[in-house]
Amino acid sequence: MDGGFTLARGLTAGGFGGTVTLAGAGAAEFVAAAEATPGALPAALAECGGVLLIPGMGGMAEAPELLLRLSRLFGPEVENYRETGMAPNMIHPEVPEIFVVSNIPPVCRTPPAMPDPPLTAEGKFPVQFPQRRGWHSDQSYRRPPPDVSLFLGVRTVPRGQGQTLFADATAAYEALSPEMKARIEGLDGLHISGGLGRRREAVLAGTPAPALKPSQLPQRQPLVREHPVTGKRALYMCEYGQMDWLEGPIFGMEPGPHGEGAKLLEALMAHCTQERFVYVHEWTPGDLVIWDNRCTLHAATWFDAEHEARVMWRTTVSGNPGALYAGEAKSWLVAAE
Ligand SMILES: [Fe+2]
């Protein structure tokens with residue numbers, strides 16, 4: 001790699017993801033080297049299918065602007081959460097481009113539930129939908145959607161809990177049958193934020209969905225996205241918590257949790273999250289994981305929030321969603337409200 005970095009490809013046996021290191025470098029040296037060769041890390045991310053692990057970045061916890069500087073290499077816009085309405089307790093007090101994911105004060109966010117049952121029939125850690133839930137691409141309810149997320153393990157929990165799972169949506173698309181590829185060509189999913197009464201559970205329970213502000217409306221996104229850098233096609237979808245289960249989840253197909261759209265989405269999600277496409281990241285403090293939301297899905301997992309404290313920092317980078325979105329105003333900042 002340019003810049004003296006070393007790239008070890010293949011976080012999974014199938015070759016998905018990669019690990020980038022710079023011999024002898026702490027976080028400050030790593031970021032300076034990355035800035036000196038600004039194309040190197042984005043190129044590595046694209047080459048590895050959209051997931052990069054950079055271990056040893058614990059120094060960022062003492063110098064949070066280093067995470068922001070590294071984030072800026074992945075695109076023109078790094079979201080400032082103070083400007084986009086995030087609750088103040090979830091925003092880093094010094095660097096508002098960092099949002100804090102944590103179970104301890106002041107954030108107090110509850111981790112996902114354990115799968116039910118907790119293990120697969122073979123006694124293994126479950127990754128596949130629907131036993132594993134929560135698969136999504138970040139902020140897919142926005143148009144244009146973001147490109148890349150960076151996630152730093154500041155304080156992590158023991159191995160075996162609090163993992164982050166990543167699915168290779170490019171490989172999953174390529175593995176579809178020709179018939180399925182033809183069937184989903186041109187279809188759009190209908191995405192919406194989870195807190196707006198249109199999650200699958202809310203619709204199944206018959207809870208009346210509240211009226212939506214213009215900035216909250218469900219957004220159509222292609223079920224198959226062409227990556228603007230690699231040109232490769234990938235499945236682009238979420239599941240129960242981030243699709244519109246009232247009018248969707250697939251635009252133009254029979255809606256609702258028992259409709260034809262739901263059957264198609266659930267089949268694709270189960271396909272995409274097969275073990276062969278999934279990387280399970282067990283966190284070590286100082287790990288930085290970077291993922292491309294345009295061609296990967298991810299899911300958080302349970303950890304023992306009663307006894308463990310977890311602090312993670314996230315940034316979100318956007319600005320290159322692909323030609324489909326050219327010239328679009330930001331759906332979440334519409335002026336009409
Ligand atoms: Fe996420």
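Strand β7 (residues 164–168) and β14 run antiparallel and are joined by 5 bridges. Strands here are DSSP runs of E of at least two residues, helices are runs of H or I of at least four, and both are numbered from the N terminus. Two strands pair if DSSP finds at least two bridges between them. The model is predicted: local features need pLDDT of at least 70, side-chain atom pairs count only at pLDDT 80 or more, and totals for chains, interfaces and linings use all residues. Residue numbers start from 1 along each chain as its sequence is written.

**The β12-β7-β14 sheet**

- The sheet is open, has 3 strands in the order β12-β7-β14, and pairs them antiparallel.
- β12 (278–281) and β14 (296–300) stand at the edges with a single partner strand each, so one side of each has no neighbour in the sheet.
- From one strand to the next, the twist averages 20 degrees. Axes are lines fitted to C-alpha atoms, and angles run from 0 to 180 degrees between N-to-C directions.
- Leu 165 has Ala 299 in β14 as its bridge partner.

**Asp 168 in β7**

- Asp 168 lies in strand β7.
- Is Asp 168 buried or exposed? Asp 168 counts as buried because it has 29 C-beta neighbours inside 10 Å.
- The cut-offs are 20 or more other C-beta atoms within 10 Å for buried, 12 or fewer for exposed, and partly exposed in between, with C-beta atoms placed from the backbone.
- Leaving aside neighbours within four places in sequence, Asp 168 is in contact with Phe 16, Gly 49, Phe 277 and Thr 296. Contact means that the C-beta atoms, placed from the backbone, lie within 7 Å.
- Cys 48 is 120 residues from Asp 168 along the chain, and their C-alpha atoms are separated by 10.0 Å.

- In soluble globular proteins, nonpolar side chains tend to be buried together.
- The largest nonpolar core has 79 residues, and Leu 152, Ala 169 and Leu 235 have the most contacts inside it. α7 gives the largest share of this core, 6 residues.
- A nonpolar core is a set of buried Ala, Val, Leu, Ile, Met, Phe, Trp, Tyr and Cys residues joined through C-beta atoms within 7 Å.

**Backbone exceptions**

- Most residues other than glycine have a negative phi, and most peptide bonds are trans.
- The bond from Phe 129 to Pro 130 is cis, with omega near 5 degrees. Pro 130 is in the loop between β5 (99–102) and β6 (148–155).
- Gly 248 and Pro 249 are also joined by a cis peptide bond, with omega about 15 degrees. Pro 249 is in the loop between β11 (233–235) and α7 (260–272).
- Cys 108 is not a glycine, yet has a positive phi of about 60 degrees. Cys 108 sits in the loop between β5 and β6, and is exposed, with 11 other C-beta atoms within 10 Å.
- Gln 139 has a positive phi of about 50 degrees and is not a glycine. Gln 139 is in the loop between β5 and β6, and counts as buried with 21 C-beta neighbours inside 10 Å.

**Annotated domain**

- UniProt, in an unreviewed entry, places "domain: TauD/TfdA-like" at residues 50–316. UniProt positions follow the numbering used here, feature names are shortened, and annotations may be inferred rather than shown by experiment.
- The end C-alpha atoms of residues 50–316 lie 14 Å apart, and the span is 14% helix and 21% strand.

Definitions and conventions. Two residues are in contact if their C-beta atoms, placed from the backbone, lie within 7 Å.
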